[in-house]
Every structure is written in structure tokens, then in C-alpha cells.
Number of protein chains: 2
Amino acid sequence: MTNQQVILVQRPEGKVDANTTKLVEVRRPVCGPDEALIKVGTLSIDPTIRTWMNDAPGYLPPIEIGAPVRSSGVGVVVESQSSHYSVGDVVFGMTGWQEWVVANEDNKFSTIPRGMGLDLPTMMNVLGVTGITAFFGLTDVGQFKTGDVVVVSGAAGATGSVVGQIAKARGAKKVVGIAGGSAKCREVVEEYGFDECLDYREPDLAKRIHQSCPDGVDVYFDNVGGDILDAVLTNIAMHGRIVMCGAISQYNEAGQRQGLVNSSMLIMRRARMEGFIILDYAPRFAEAQIELAGLVLNGTLKHREHLIHGLEKAPEALNLLFSGGNHGKTLVVVDPSVQLD
Amino acid sequence: MTNQQVILVQRPEGKVDANTTKLVEVRRPVCGPDEALIKVGTLSIDPTIRTWMNDAPGYLPPIEIGAPVRSSGVGVVVESQSSHYSVGDVVFGMTGWQEWVVANEDNKFSTIPRGMGLDLPTMMNVLGVTGITAFFGLTDVGQFKTGDVVVVSGAAGATGSVVGQIAKARGAKKVVGIAGGSAKCREVVEEYGFDECLDYREPDLAKRIHQSCPDGVDVYFDNVGGDILDAVLTNIAMHGRIVMCGAISQYNEAGQRQGLVNSSMLIMRRARMEGFIILDYAPRFAEAQIELAGLVLNGTLKHREHLIHGLEKAPEALNLLFSGGNHGKTLVVVDPSVQLD
């Protein structure tokens, strides 16, 4: 009757390392009135987890020292004293990095629909927070319109690859990805159907964006921040929109973060830079899921999941997001028996 | 039959200096068919003029070497072969730094209404581009709502002082200015009626903004960029709006501009940073002028003009904007006989 957890023992300065977390075994939680006990199946590994490890203001409070690392994930209900959950339901919510979690008023889970013909990794990627982030970032924050020129950084990544494919499906004039290395760039074009992909490791990115988008960039979906954001700023079109989804290049920076030098281009081009947090869109998730399910089921939307097995691998899975070593949506399988069918 | 001009002879690296411009005398232009000849009265000295001197992409092409410095201003029509202009009309438009200019299809002027009981400096300040910029920046770009907490940098300046007063008149919860030095800060509170004013030359600006605005800043009207923008970014409220009106602290920077390090706060707070150029609002100028005229005529809106006499003083008047040596809206009087009454 135990519960393995990966807990935060020390706030990392830069990357997560051996001193940051610890695998511990505690007593399995029990299910009280109006609660349900959930066996955790698969964890969603997202860059935002790294920001929750800092003792800094954020959209959620920092993870407490000694607590399991906060994370979303999917599990199955094994016991229920709540009218909201039935035994056997596959549910999504804040599982944390652990084997067992209790659902209650303070920690609610949503039930994942079965019978759509989609497996759990696909549901957790495209129809999960990743795909939904791509959808609302592009369409709502970015105010995408047919005929727009769209640039996406982190284009080979889970969110970026979906952004570009939605833009193509909705009639973008041109979709240009930015990714690291020629292999990823090839994948972005050949697998995900972007018109072009620029390697940010090559010199003169700003100039190459200008060559690819001579009339400027209408929507830039920014997954990385830093230098790449600066390079796009010099190429932003009149009334362009920059969607700030993540600043992944900055999350691990221990000391002074790198400054953005071209923000006054926003004045010259009457452009906008706007951040968002996908949790704010929770009441509208179904809008995105319906369109995304359609695109997956008709074969338009390509996606890829990177499965890593074992709860103890969660910290190294998180680091993969920052080294670019992951390949598609990163998921950690805690218990492979938890599936949709 | 001469025309004195201040022409651009060399693009400045930092501040405008003795090598940047030259006072020259050329032949007075003549009025052709469908044209009008205008005697220039007063020049509006705006920070944006400095950006036009650079050989860099902007919202207007750079001023050509050898051409009079581009500037808006007011003059009187002395000869007309156009149905748009009558002799004696006082008109506003791109006069340039010179004594005479021709109005035609390529360089249009608008007639300033008489009989409002407002003198020319007031019209050029509050009802001119300065006041109109304050109005649309706050209400349209900044989406000001009653009850908002508003912070304004350059608060003792021509635009900033008007922004704060409009916000107060429209029911802001609190209006906090940022200015340089205790004398200016006192003026912002005592003369312009802001609730508080913070001196950016004192340490810990970010912390002092937090003390003044513990629930965060709903609208930040940014006239300066740089460090001050970074300090406000850490204090931006959920769904806050940053209006990028100018980056005056950066205009004179010769080398690497200073980077903005806190832009990822836009993600945490789902906030927006948006630039604008007031020329885009030309069709709606009257909206602003009607509200502003009302506030001036009923005594609510305080304003101050800093008059400098002599065309040859225009370059040093421009530098005053960056040293903070001006006191209110900076105007250069070329010919004092040009007045509204």
C-alpha cells in the first residue's frame, strides 16, 4: 500500500539535476467522502513545470519543497465515494509525479471520452493541453486570419508542430517554422507540412526570416523567447501579433536573463505582443478539441509522442524539453496498464 | 525672397550635435496650380523627429541628407491657388524646420478652427498630436476602464501629463506617475493631480511601484522604454495592457540598446504590450479633440507649453526632450506673428 513520488528537494538554479528531486516511497493515500482514488497512468511533461520549481511569482504558486512535483497527467479511477467519478473512468488532471492521487474539491479531474478511436498518447497530445494551447494561441491570442503569414518557433515540438498545421488547414498564406538543426527542420517541412523551416543555429536568422517573409510576419507564435523573438521582432508586419506561449530559452537561466532589444519595433509596426495561460481557456476547451479531433481523424494533423517509461525518469524527461532531445510530445508512462480501451 | 531651413547634414550617432544639422538659406518656394504657400509660425518638437534622423526602418522613411528636418508645425496661408486653402487660414501639417512651405497633394495641411477661445500653443499641445496621442493611447490601445490602476512614465511631459489627467477624469482607481527628480514629481501631483509620482532616479523602482500598486498595474502608458518598462513589467496586473508610445530612453543610444529582461511576465499575467502610431488615428482625431477641448475649457485639464524662440534653436529644443530639460510641450516659434486671433 505504498505510493512512489518524485518530490522537490531543492530549487534548481539552472537545469534540474540529481540534487533537485528525489524518488521517495510514502503511504498510499486513502479515499474519503466525496473523493476518488486514482491510479496514475501517464504524465504530461511540459516546460511550465520548470517554472513552478522556482521561488518566483507565477500563474500558480511555486511547488513546495518536499511536495511531489506538480504535473498534469492521466489516471484511472480505482475507488470512488464521489458522484463525479466512477470506477474505471480514465481522467485527466493534476496528478503530480507520483503513482497515486486523490481527486476531490481541491483537485478536480475531467473524464476523457472513450470511443473516439484515438489512443491515450494522442489524446494527451493533440486533444490535451498541448493541442489546445496551439489552437487558442493561434486563433484567439494571435487573431489568425486566412492569408496571414505565420512563423512558429519550436516548430518540431509538440505545440509548435500543431500550430503550423492548424494555420495551414485554415488557409495561411505561408507557414514558416524555426527549429534547431537540419534534421528537425526537415521533419517540420516533410512530416508536418510547413512551407519552410529555418535552423536557428545557422547565422543571420533575422535576415533569413526577411527572405522567407519579405512582407513581414503577421502572426508569430513564440515558444522560445530570447534571440529568436528579437529576430522575428525586426520582421514583424504592420499590426502583427506575437503570441507569447513560452520563453523556454529563458526558463533555465540562472543569472541575468537575456534582454529583448527590439521591442520598440512594436511601436514602428503598431504590433502587439501578448501572453496567455491555457488554463484561462478551460471553459472553451471543447471548441478546440472538436476541430482538432476532426483534423486528426481525417489524417490532416500529424503528431508524434515521445514515451519514456518509469516514474523515476520524469526529471530527465523534463530536461529533454530544454536540450531539444525530445521528439514530439513528451510523456512519462508510470503504469502502462492505464489505457483508453 | 529667401527661406531659412535647418537641414540634416549628417545622421547623428547619439544626441544631435553641431555636426548633425546646418542653418541654410535657400530660395523661397513658389505657389503653383492647386498649391498654397504657407508662412511657418510655430514648430512642434517631438521625440519621434530623432527617430526619423536614423537610417533605419520606421513608420516614415528616414529624413534625406540635405533636406530640411521633418517636423509638424503650424503656419498661415499667404497665397493660394487651391480650393482647399484660403489666405489667412491657420493650418497644421508637416512644415519641416523652415520658414516657408508649400501645401499640395503630397503635403496636405488641415485648418485649425478659430473662435474656441484657445491660443495657438494650447491648440498645438492639448488639441494637437500630443493630446490626441494621450487620448487614443489610453482609451483605445490601453483599453482603459473605470476603476483601472494606471501608471504613466514621462508623467511631467506633454503627453504623460495629459494621459494621467484623462484617466483621473474618466474614473481611474489610482493614477501613478513616474518622472525624473523631486521637482518634476511634485509638479505631477500638485499641478496635474496624479495620486502619486515616483522618481525613477531613486533606487528600487520596481519595489516602489509594488507599494503604490499592490494589486498590480492595469494600464501602463510607456513613454520611455528601458529599465522603467522592465520595472513596471514585474508589476503588471492580470490582463494588464502596456501602451508603447515611445522608447525615448532608447532613441539616442548609439550602440547596443538595452534589453528588456522581464517580457515573460506578459505570459504569467496574460498581459499585452502594444505599440501605436498616432497618424493611424487621423480619421478619428475629432473624437479626441472634442473631449479634450471640453476638459481644457472647463478647467479640468492643466497644461504647459515651453516656447523657444528662433528657428535656429530647433536642434537644441529637440535635445531638451531627451535631457529632461524641457518643461511641458516644447514648441519653437519661427514667426510670432502667426496666431489664431
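Which domains does the domain assignment of chain A give? There are two: domain 1 (2-116 + 303-333) and domain 2 (129-279), with bounds that come from an automatic or database domain assignment. This is a predicted model, where local features need pLDDT of at least 70, side-chain atom pairs count only at pLDDT 80 or more, and totals for chains, interfaces and linings use all residues. Residues are numbered from 1 along each chain as its sequence is written, while chains are lettered from A and ligands numbered from 1 in the order in which they are written.

The C-alpha centres of the two domains of chain A sit 29 Å apart. Where they touch, domain 1 of chain A puts in 13 residues and domain 2 of chain A ten; contact here is C-beta atoms, placed from the backbone, within 7 Å.

Now for how the chains meet: 28 residues of chain A are in contact with 28 residues of chain B. On the chain A side, S13(A) gives the largest share, four residues. Helices (H or I, at least four residues) and strands (E, at least two) are DSSP runs, numbered from the N terminus.

Here is how some surfaces divide by class.

S13(A) and S13(B) run antiparallel, joined by three bridges, and Met273(A) stands opposite Met273(B). Both strands belong to an open sheet of twelve strands with mixed pairing, in the order S10(A)-S9(A)-S8(A)-S11(A)-S12(A)-S13(A)-S13(B)-S12(B)-S11(B)-S8(B)-S9(B)-S10(B). Two strands pair if DSSP finds at least two bridges between them. The edges are S10(A) and S10(B), each pairing on one side only. Over in chain B, S9(B) runs parallel to S10(B) with four bridges, and Ile178(B) has Leu198(B) as its bridge partner.

Finally, look at two helices of chain B. H3(B) (residues 129-141) and H4(B) (residues 158-169) pack at an angle of about 50°, axes 8 Å apart. That makes H3(B) oblique to H4(B): angles under 35 degrees count as roughly parallel, over 145 as roughly antiparallel, 65 to 115 as roughly perpendicular and the rest as oblique. Axes are lines fitted to C-alpha atoms, for helices over the stretch in contact, and angles run from 0 to 180 degrees between N-to-C directions.

Technical notes. Two residues are in contact if their C-beta atoms, placed from the backbone, lie within 7 Å.
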